[in-house]
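Trainee: I am new to this structure and would like to go through it carefully. Could we take it one topic after another?

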Amino acid sequence: MNPDPITGTYSGNRGLQIEEPLIFEQGEEGRCGVDLPEPAKVASRLGNLARKKPVGLPGLSEPQVVRHYTRLSQKNYAIDMGLYPLGSCTMKHNPRLNEKMVRLQGLADLHPLQPVSTVQGALELIDQVAHWLKTLTGMPAVAMSPGAGAHGELCGIMAIRAALEHRGDARKRILVPESAHGTNPATAAACGYEVDPIPANAKGRVDLEAFRAKLGPDVAGIMITNPNTCGLFEPDIIEIAEAIHGAGGFFYCDGANFNAIVGRVRPGDLGIDCMHINLHKTFSTPHGGGGPGAGPVVLSEALAPFAPVPWVVHGAKGFDLVEQDPKKQAFGRLKGFHGQMGMFVRALAYMMSHGSDGLKQVAEDAVLNANYILASLKDDMSPAFPGTCMHEALFDDHFLKDTGVTTLDFAKALIDEGYHPMTMYFPLVVHGALLVEPTETESKDSLDRFIEVLRGLARRAKSGDAAHFEAAPKLTPRRRLDETAAARKPVLRWVPGSNTAKAAE
């Protein structure tokens with residue numbers, strides 16, 4: 001037996017980091033983790049639809065199955081393992097108190113078809129979450145049913161469309177800045193609107209003159225992410241709101257970055273008509289936690305009548321669910337039931353444990369941490385825009401110029417250092433972008449270690465050691481993929497006799 005040519009070990013393992021074949025490659029015919037009696041013979045009703053050969057599932061013992069999935073889980077990076085610097089994603093610590101609350105008996109075992117009289121506590125909880133959201137945003141109404149951010153965007157644009165059609169003024173264009181989240185133009189197009197982009201100015205904000213030039217009687221609204229995906233607050237937000245309203249349109253704000261302003265800025269005070277809020281980013285269970293999302297949409301007085309059903313209302317006998325809009329103004333339903341109950345529980349636990357002062361500190365600390373990173377690295381890396389940022393620090397690839405090292409190379413080298421890479425090549429308005437969102441939950445010590453690694457990699461790249469970056473990552477279970485081949489010739493299915501695992505090297 002010869003050592004593995006990559007690892008130098010006979011097993012192919014790297015210390016206690018175990019090389020893991022596909023589950024199909026481990027299986028053997030006839031092996032099974034359970035011993036069941038032969039089922040009684042019954043007359044088949046399948047006719048010629050009966051299977052002619054076995055299903056093809058792998059045969060494994062119970063220890064094999066447990067070890068396989070445990071080893072796979074150990075190869076995942078998670079927020080519980082370390083800093084997760086993905087920009088525009090708010091991958092922050094998920095308090096375990098919230099998980100304990102959502103597993104309480106009476107909340108964890110709710111069924112959406114229970115009679116309303118048996119779920120009064122759940123409806124009160126939804127009502128309390130709605131109250132917090134309306135208070136924090138300064139908006140009079142909220143639709144609680146949207147399932148996540150993009151679903152919330154859909155809700156907001158459908159409410160705008162319903163309001164325009166109600167007044168007999170159907171329009172065809174939605175203005176979307178280049179610095180908005182990518183789902184914004186997709187949502188507008190899905191709702192039948194023509195997407196008209198607005199360029200960014202030299203400071204990474206909406207170009208106000210370009211915006212004004214695009215206004216017209218056919219503009220249904222504008223979709224702005226604020227703070228935007230460059231990690232910057234739009235200083236002309238009120239002026240933009242007044243202009244879009246003056247043209248008869250509505251103002252949609254993407255609230256995915258609400259974590260940067262919660263408790264500090266009320267979107268309703270800025271002239272915003274509707275905004276979705278990612279509960280799974282601002283109020284617990286960031287997507288890195290693997291849980292479901294929730295995207296309630298807060299609505300202005302002008303759009304409130306068009307919110308989708310169902311609604312929680314206070315009735316004579318307690319709380320009730322309105323399933324049909326008596327005025328026939330609501331655009332309908334977005335999903336079968338009333339939102340993500342588990343997310344509502346987590347969000348309320350997060351809100352109540354922080355309080356209004358604590359939520360304000362969330363935003364302040366998130367912005368402080370991002371600016372600490374930006375200031376610490378400005379001499380070794382190249383900030384994309386001058387001045388301070390909001391919740392995320394954005395760098396371009398100018399600091400890598402003439403080094404032979406690309407943004408992708410830099411990010412791959414970061415993996416060898418034990419960090420998940422930051423968001424790369426996004427937003428598209430910045431060349432070779434590196435977008436870092438540290439969130440409020442990282443300590444100064446944690447940030448200092450991360451900063452030193454980035455500083456060291458930047459200096460190594462400038463020293464001429466491009467070979468180090470081109471080979472990275474070297475310490476992971478798999479080397480760098482041939483991404484062009486993976487895109488053009490993807491291996492999507494295991495075939496008996498193939499060596500899919502080695503093909504991934």
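Mentor: A residue is called buried when its relative accessible area is under 20%, exposed when it is over 50%, and partly exposed in between, with a 1.4 Å probe and protein chains only. This is a predicted model, in which local features need pLDDT of at least 70 and side-chain atom pairs count only at pLDDT 80 or more, while totals for chains, interfaces and linings use all residues. Residues are numbered from 1 along each chain as its sequence is written, and side-chain values use heavy atoms, with hydrogens and water left out.

Trainee: Does Ser 88 count as buried or exposed?

Mentor: Ser 88 is found in the loop between helix H2 (62–74) and helix H3 (96–102), where helices (H or I, at least four residues) and strands (E, at least two) are DSSP runs numbered from the N terminus. Although Ser 88 is not a glycine, its phi is positive, about 65°. Because its relative accessibility is 7%, Ser 88 counts as buried.

Trainee: Which strands stand at the edges of the open sheet of 4 strands?

Mentor: The order of this open sheet is E10-E11-E13-E12, with antiparallel pairing, and two strands pair if DSSP finds at least two bridges between them. Each edge strand has a single partner strand, so one side of each is left without a neighbour in the sheet; these are E10 (382–383) and E12 (423–424).

Trainee: What angle does the direction of helix H10 make with that of E11?

Mentor: Helix H10 (residues 341–377) packs on the sheet and touches E10, strand E11 (393–396) and E13, contact meaning heavy atoms within 4.5 Å. Axes are lines fitted to C-alpha atoms, for helices over the stretch in contact, and angles run from 0 to 180 degrees between N-to-C directions. On that basis, the direction of H10 makes with that of E11 an angle of about 30°.

Trainee: What is omega for the cis peptide bond that joins Asn 226 and Pro 227?

Mentor: Most peptide bonds are trans. Pro 227 lies in the loop between strand E4 (219–225) and helix H8 (237–246). For the cis bond joining Asn 226 to Pro 227, omega is about -5°.
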